[in-house]
Amino acid sequence: MKYINATEVLPFDLLSEIQKYIAGEILYIPQPEGKKNSWGSRTSTRQEIITRNKQIKLEKENGRSIEELMIKYNLSYDTIKKIVYLK
């Protein structure tokens, strides 16, 4: 979530009305119901994790131990187990 100055996006009349209630403070305006973005949809993070997890599964299938994968990917034992054993 990034900071946007209200003077750059709101009409003057609306800004004046909002200033009656809150001025000089940070105001969070949530998205309308049903329009929320799913996790990772605004960045490439979700795809990077999917790709990493596929690589971890492949390396485990090719004989790497969970301990080796923990060190290589800097993840906990339980996290590697979840990645490797979940379908």
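Which helix is the place of Tyr73? Tyr73 sits in helix H4, and the views below start from there. This is a predicted model, in which local features need pLDDT of at least 70, side-chain atom pairs count only at pLDDT 80 or more, and totals for chains, interfaces and linings use all residues. Residues are numbered from 1 along each chain as its sequence is written, and side-chain values use heavy atoms, with hydrogens and water left out.

**View 1**
Helices here are DSSP runs (H or I, at least four residues), numbered from the N terminus. Tyr73 has a relative accessibility of 19%, so it counts as buried; buried means under 20% relative accessible area, exposed over 50%, and partly exposed in between, using a 1.4 Å probe and protein chains only. Leaving out residues up to four places away in sequence, Tyr73 touches Arg52, Gln55, Ile56 and Glu59, where contact means heavy atoms within 4.5 Å. Look also for Thr45: it is 28 residues from Tyr73 along the chain, and their C-alpha atoms are separated by 15 Å.

**View 2. The largest nonpolar core.**
Which residues make up the largest nonpolar core? There are eight: Ile56, Ile66, Leu69, Tyr73, Leu75, Ile80, Ile83 and Val84. Helix H4 (66-73) and helix H5 (77-85) are the elements that give two or more residues to this core. A nonpolar core is a set of buried Ala, Val, Leu, Ile, Met, Phe, Trp, Tyr and Cys residues joined through side-chain atoms within 4.5 Å. Pick out Ile83 in this view: setting aside residues up to four places away in sequence, Ile83 touches Arg52, Asn53, Ile56, Lys57 and Leu75.

**View 3. Helix H3 from end to end.**
Helix H3 covers residues 45-61, and at 1.5 Å a residue its 17 residues should span 24 Å. The expected span is 1.5 Å times one less than the number of residues. The end C-alpha atoms of H3 are 24 Å apart, which agrees. Just after H3 comes Gly63, which takes a positive phi of about 105°.

**View 4. H3 packed with H4.**
Two packed helices are described by the angle between their axes and the distance between the axes. H3 and H4 pack at an angle of about 150°, with axes 10 Å apart. The axes are lines fitted to C-alpha atoms, for helices over the stretch in contact, and the angles run from 0 to 180 degrees between N-to-C directions. H3 and H4 are therefore roughly antiparallel to each other; angles under 35 degrees count as roughly parallel, over 145 as roughly antiparallel, 65 to 115 as roughly perpendicular, and the rest as oblique. On the H3 side the contact is made by Arg52, Gln55, Ile56, Glu59 and Lys60, and on the H4 side by Ile66, Leu69, Lys72 and Tyr73.

**View 5. H4 meets H5.**
Here the helices pack at an angle of about 110°, and the axes of H4 and H5 are 9 Å apart. That makes H4 roughly perpendicular to H5. Ile66, Glu67, Leu69 and Met70 come from H4, and they meet Tyr77, Ile80, Lys81 and Tyr85 in H5. Now find Asn74, in the loop between H4 and H5. Is Asn74 buried or exposed? Asn74 is exposed, with a relative accessible area of 69%. The phi of Asn74 is near 55°, a positive value in a residue other than glycine.

**View 6. Met70 in helix H4.**
Met70 belongs to helix H4, and at 25% relative accessibility it counts as partly exposed. Apart from neighbours within four places in sequence, Met70 is in contact with Leu75, Ser76, Tyr77 and Ile80. Ile56 is 14 residues away from Met70 along the chain, with 9.7 Å between their C-alpha atoms.

**View 7. H3 across H5.**
The axes of H3 and H5 come within 9 Å and cross at roughly 85°. That makes H3 roughly perpendicular to H5. Arg52, Asn53, Ile56, Lys57 and Lys60 in H3 meet Ile80, Ile83, Val84 and Tyr85 in H5.

**View 8. Ala6 in helix H1.**
Ala6 is found in helix H1, residues 6-9. Its relative accessible area is 27%, so Ala6 is partly exposed. Ala6 and Ile18 are 12 residues apart in sequence, and 9.9 Å apart from C-alpha to C-alpha.
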